[in-house]
Amino acid sequence: MEILPDLLQQYLETHCEPEPDLLKSINRETYVKVLKPHMLSGHYQGRLLSFLSKLMQPKCILEIGTYTGYATLCLAEGLAEGGEIHTIEVNREMEEMIRKNFAASRYGKSIFPHFGDAQQIMLQLSDKIYDIAFVDADKKNNLTYFERVIGQVKTGGLIIVDNVLWKGKVYNSDANDADTRLIREFNDVVSADARVEKLVLPVRDGIMLIRKK
Ligand SMILES: C[S@@+](CC[C@H](N)C(=O)[O-])C[C@H]1O[C@@H](n2cnc3c(N)ncnc32)[C@H](O)[C@@H]1O
């Protein structure tokens, strides 16, 4: 079940900023060449990430889950002068495409791709302070990523977590598989966490915005 019906999705896409040409071609290439292309953020969610980043003007961003680099490039659009974005991908088969996509972008020099398991790479990046962290990798580890990253997010900083509605399964009491239970648990724990303000947006598969107090 898609959260947004196709017609609404189309309407939203024609009433926001157009998808930049490079992102359009990455979107197309991902759908032609890569497995599970629906994982890519896409036009509307990508514009949301770009919009949030431009509001925040971040000096440093962390992304967990690069895939083909689409969301990385959206987030990079808002970087402050001299800012940097670190993005982590475990699948080495993506490396060539990721590097090619970043090299084609004017933000390429601000982007630092890391290849390996996110928990390991996060240790190597433990001296960084983030304005934005985008958590979009293996969903079962969302809580681990949240707990690890929150200490490195500055006050007023933003943690963005994708797929928190899990195709509607989190609020459908019939769904009780292991993945759904873990995502429910994540949503419940963060909702009760007094260190942060939170808001779930019903965009695509559900995006949680978490602001550190
Ligand atoms: C949903 S996709 C990311 C989509 C991308 N953020 C975007 O919006 O275009 C998730 C990615 O996380 C990667 N991933 C899964 N587990 C990971 C882990 N433990 N460490 C780092 N990356 C991981 C997957 O290989 C996949 O490419």
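Tutor: Helix 2 goes past helix 5 in a right-handed crossing. On the helix 2 side the contact uses Leu22, Ile26, Glu29 and Lys33, and on the helix 5 side Met97, Lys100 and Asn101. Sorted by class, that contact has 3 nonpolar, 1 polar and 3 charged residues. Keep in mind that this is a predicted model. As for the geometry, the axes of helix 2 (residues 21–33) and helix 5 (residues 95–103) come within 11 Å and cross at roughly 165°. That angle makes helix 2 roughly antiparallel to helix 5, because anything over 145 degrees counts as roughly antiparallel.

Now for another helix pair. Helix 7 (residues 142–150) and helix 8 have axes that come within 9 Å and cross at roughly 30°. These two are therefore roughly parallel to each other, since the cut-off for that label is under 35 degrees. Helix 7 brings Asn142, Leu143 and Phe146 to the contact, and helix 8 brings Glu185, Phe186, Val189 and Val190. By class, the contact of helix 7 with helix 8 has 5 nonpolar, 1 polar and 1 charged residues.

Phe186 and Val190 are among the residues touched by methionine 208, sequence neighbours up to four places away not counted. Methionine 208 sits in strand 7 (residues 207–212), and its relative accessibility is 1%, so it counts as buried. Its other contacts include Ile159, Ile160 and Val161, along with Val164 and Asn187, and also Lys198, Leu199 and Val200. Valine 161 is 47 residues away from methionine 208 along the chain, yet the C-alpha atoms of the two are separated by 5.1 Å.

Next, follow the chain through the loop between strand 5 (153–162) and helix 8 (178–191), where you'll find tryptophan 166. Check its backbone: phi is near 45°, a positive value in a residue other than glycine. That's worth a second look, because most residues other than glycine have a negative phi. Glycine 168 is also placed in the loop between strand 5 and helix 8, and at 3% relative accessibility glycine 168 counts as buried. From glycine 168 to alanine 104 it's 64 residues in sequence and 36 Å in space, C-alpha to C-alpha.

Tyrosine 67 is another non-glycine residue with a positive phi, about 55°. You'll find tyrosine 67 in the loop between strand 1 (60–64) and helix 4 (70–76). With a relative accessible area of 11%, tyrosine 67 is buried. One of the residues in contact with tyrosine 67 is methionine 39, which also contacts Asp136 and Arg204, leaving aside neighbours within four places in sequence. The C-alpha atoms of methionine 39 and glycine 108 are 69 residues apart along the chain and separated by 22 Å.

Between proline 113 and threonine 66, 47 residues apart along the chain, the C-alpha separation is 8.1 Å.

Finally, the cysteines. The count comes to 0 disulfides, and the distances show why: a pair of sulfurs has to be within 2.5 Å to qualify. For cysteine 60, the closest cysteine sulfur is that of cysteine 74, and at 18 Å it's too far for a bond. Cysteine 74 has its own closest cysteine sulfur in cysteine 16, 11 Å away, so that's too far as well. As for accessibility, cysteine 60 counts as buried at 7%, and cysteine 74 is buried with a relative accessible area of 0%.

Definitions and conventions:
Residues numbered from 1 in each chain as written. Predicted model: local features only at pLDDT ≥ 70, side-chain atom pairs only at ≥ 80, totals over all residues. Heavy atoms only, no water. Buried < 20%, exposed > 50% of the residue type's maximum accessible area, 1.4 Å probe, protein only. Axes fitted to C-alpha atoms, helices over the stretch in contact; angles between N-to-C directions. Helix = DSSP H or I, 4+ residues; strand = E, 2+ residues; numbered from the N terminus. Parallel < 35°, antiparallel > 145°, perpendicular 65-115°, else oblique. Left-handed = near helix turned anticlockwise from the far one by under 90°. Contact = heavy atoms within 4.5 Å. Nonpolar A, V, L, I, M, F, W, Y, C, P; charged D, E, K, R; others polar.
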